Amino acid sequence: NCVRHEASEVREAAALLLKEMLRTQPPEPFAPHADGLLEALLDARLDMEDGQVCLAAEEALESAVPVLDPQRAMEVLLARVDSEQQIPEEGDIEATVASVKFSISLATQFVARIPGNLLFPQLPHVLPPVFKAFKSNNADVRKAVVFLLRDLYVQFNDDFAPFLNEPNPTQAKLVQIYYRKKLQAGGAV
């Protein structure tokens, strides 16, 4: 797997190649490898040695949104969010926070692609790691969670309201404020 190669030039080139392949090729060849592809690119995005590798991996992940199966991608991303919220080793806190925030932001993009009739029954399984991330000490992680919950609220309207009993009242109120702002702006997800 070249995205995990020891040389940063190889990691960057591999991520850029994947980005172009995701942009220009039909999605079918990626389906059997979606989990591994997402995991490898998410790992490469955390490359603290070389910012170019991180940027190339992020661009490749953005290119993956319209291509990969959104339900499977959500599972991978939220499992990663859940696992990365464990207490990291000393020195890894910044990378962990960045990864959780990015994974939630990317999950928000995938949510928009999942039909409501398929997503709504999955919410009891999807939301626990999201609510767990809402308790983060990092404001950027909490903000990413607000945007994800807001988009779910816009998608499901009043049917989503009972799920807002899980966060604390202040957090639920914040989601409702952003929900109303999005509706007033005429923004659909």
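Asn157 counts as partly exposed at 34% relative accessibility, where buried means under 20% relative accessible area, exposed over 50% and partly exposed in between, with a 1.4 Å probe and protein chains only. Asn157 lies in the loop between H8 and H9, the helices here (H or I, at least four residues) being DSSP runs, as are strands (E, at least two), numbered from the N terminus. The model is predicted, so that local features need pLDDT of at least 70 and side-chain atom pairs count only at pLDDT 80 or more, whereas totals for chains, interfaces and linings use all residues. Residues are numbered from 1 along each chain as its sequence is written, and side-chain values use heavy atoms, with hydrogens and water left out.

**Loop residues**

- Although Asn157 is not a glycine, it has a positive phi of about 50°; most residues other than glycine have a negative phi.
- Pro115 is found in the loop between H5 and helix H6 (116-119), and with a relative accessibility of 40% Pro115 counts as partly exposed.
- The C-alpha atoms of Pro115 and Thr170 are separated by 29 Å, the two residues being 55 residues apart along the chain.

**Helix H8 against helix H9**

- The axes of helix H8 (residues 139-156) and helix H9 (residues 169-184) come within 9 Å and cross at roughly 55°, where axes are lines fitted to C-alpha atoms, for helices over the stretch in contact, and angles run from 0 to 180 degrees between N-to-C directions.
- That angle makes H8 oblique to H9, given that angles under 35 degrees count as roughly parallel, over 145 as roughly antiparallel, 65 to 115 as roughly perpendicular and the rest as oblique.
- H8 passes H9 in a right-handed crossing; a crossing is left-handed if the near helix is turned anticlockwise from the far one by less than a right angle, and right-handed if clockwise.
- On the H8 side the contact (heavy atoms within 4.5 Å) is made by Val146, Phe147, Leu149, Arg150, Asp151, Tyr153 and Val154, and on the H9 side by Leu174, Val175, Gln176, Tyr178, Tyr179 and Lys182.
- By class, this contact of H8 with H9 has 9 nonpolar, 1 polar and 3 charged residues, with Ala, Val, Leu, Ile, Met, Phe, Trp, Tyr, Cys and Pro counted as nonpolar, Asp, Glu, Lys and Arg as charged, and the others, Gly among them, as polar.

**Helix H5 against helix H8**

- H5 and H8 pack with their axes 8 Å apart and at an angle of about 15°, which makes H5 roughly parallel to H8.
- H5 passes H8 in a left-handed crossing, and among the residues that make the contact are Val97, Val100 and Ile104 of H5 together with Val141, Ala144 and Leu148 of H8.
- The contact of H5 with H8 has, by class, 11 nonpolar, 3 polar and 3 charged residues.

**Helix H2 against helix H3**

- The axes of H2 and H3 are 7 Å apart, and the two helices pack at an angle of about 145°, with H2 passing H3 in a left-handed crossing.
- Leu38, Leu41, Leu42, Ala44 and Arg45 of H2 meet Val53, Cys54, Ala57, Glu58, Ala60 and Leu61 of H3 in this contact, which by class has 9 nonpolar, no polar and 2 charged residues.

- Not counting residues up to four places away in sequence, Ile104 touches Val81, Ala133, Val141, Ala144, Val145 and Leu148.

- Arg80, found in helix H4, is buried with a relative accessible area of 7%, and its contacts, leaving aside neighbours within four places in sequence, are Glu39, Leu42, Asp43, Leu46, Ser99 and Ser103.
- Ser103, found in helix H5, counts as buried at 0% relative accessibility, and with the neighbours within four places in sequence left aside Ser103 is in contact with Leu42, Leu77, Arg80 and Val81.
- Arg80 and Glu166 are 21 Å apart in space, C-alpha to C-alpha, and 86 residues apart in sequence.
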